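Visitor: I would like to learn how to read the packing of helices in a model. Please show me the case first and take me through it.

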Amino acid sequence: MKTSDSSEPPTQPDKSPARGMVAGTLLLSGVVLGGLIGGGVGALVGAFGPLLALGLFLGFAGGTAAVIVRFRDL
């Protein structure tokens, strides 16, 4: 009689070792994009420092949200 293959646990495909690097790059790109937008708007309205800081903060929050959405299984 043939042994059943159902006794073996199913194997999941190996995850790429570069996933952490991709997550970090996604977070960093959010911070850089937020800083560029905040700094650009701040330069136009004359409030460079405060809007740059706000852009960096919102970019970090957006980058974190993007990493959470993209890598829910980490």
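Visitor: Is the crossing of H1 and H2 left-handed or right-handed?

Guide: This is a predicted model, and in it H1 and H2 cross in the right-handed sense.

Visitor: What kinds of residues make up the contact of H1 with H2?

Guide: The contact of H1 with H2 has 14 nonpolar residues, 10 polar ones and one charged.

Visitor: Which residues of H1 are buried?

Guide: Buried means under 20% relative accessible area. In H1 the buried residues are Arg19, Ala23, Gly30, Gly34, Gly35, Gly38, Gly39 and Gly42. These buried residues of H1 pack against H2.

Visitor: And which residues of H2 are buried?

Guide: In H2 they are Gly55, Gly59, Gly63 and Val67, and they pack against H1. For the protein as a whole, 18% of the 74 residues count as buried.

Visitor: Where does alanine 61 lie, and how is it classed by accessibility?

Guide: Alanine 61 lies in helix H2. Its relative accessibility is 38%, so alanine 61 counts as partly exposed. The C-alpha atoms of alanine 61 and glycine 30 are separated by 8.1 Å, although the two residues are 31 residues apart along the chain.

Visitor: How does the span of H1 agree with its number of residues?

Guide: The check uses 1.5 Å a residue. The 27 residues of H1 should therefore span 39 Å, and its end C-alpha atoms are 39 Å apart, which agrees.

Visitor: How many helices and strands does the protein have, and what share of the contacts joins residues 24 or more positions apart?

Guide: There are two helices and zero strands. Among contacts with a separation of 6 or more, residues 24 or more positions apart account for 58%.

Note on methods: Residues are numbered from 1 along each chain as its sequence is written. This is a predicted model: local features need pLDDT of at least 70, side-chain atom pairs count only at pLDDT 80 or more; totals for chains, interfaces and linings use all residues. Side-chain values use heavy atoms; hydrogens and water are left out. A crossing is left-handed if the near helix is turned anticlockwise from the far one by less than a right angle, and right-handed if clockwise. Helices (H or I, at least four residues) and strands (E, at least two) are DSSP runs, numbered from the N terminus. Ala, Val, Leu, Ile, Met, Phe, Trp, Tyr, Cys and Pro count as nonpolar, Asp, Glu, Lys and Arg as charged, and the others, Gly among them, as polar. The expected span of a helix is 1.5 Å times one less than its number of residues. Buried means under 20% relative accessible area, exposed over 50%, partly exposed in between (1.4 Å probe, protein chains only). Contact means heavy atoms within 4.5 Å.
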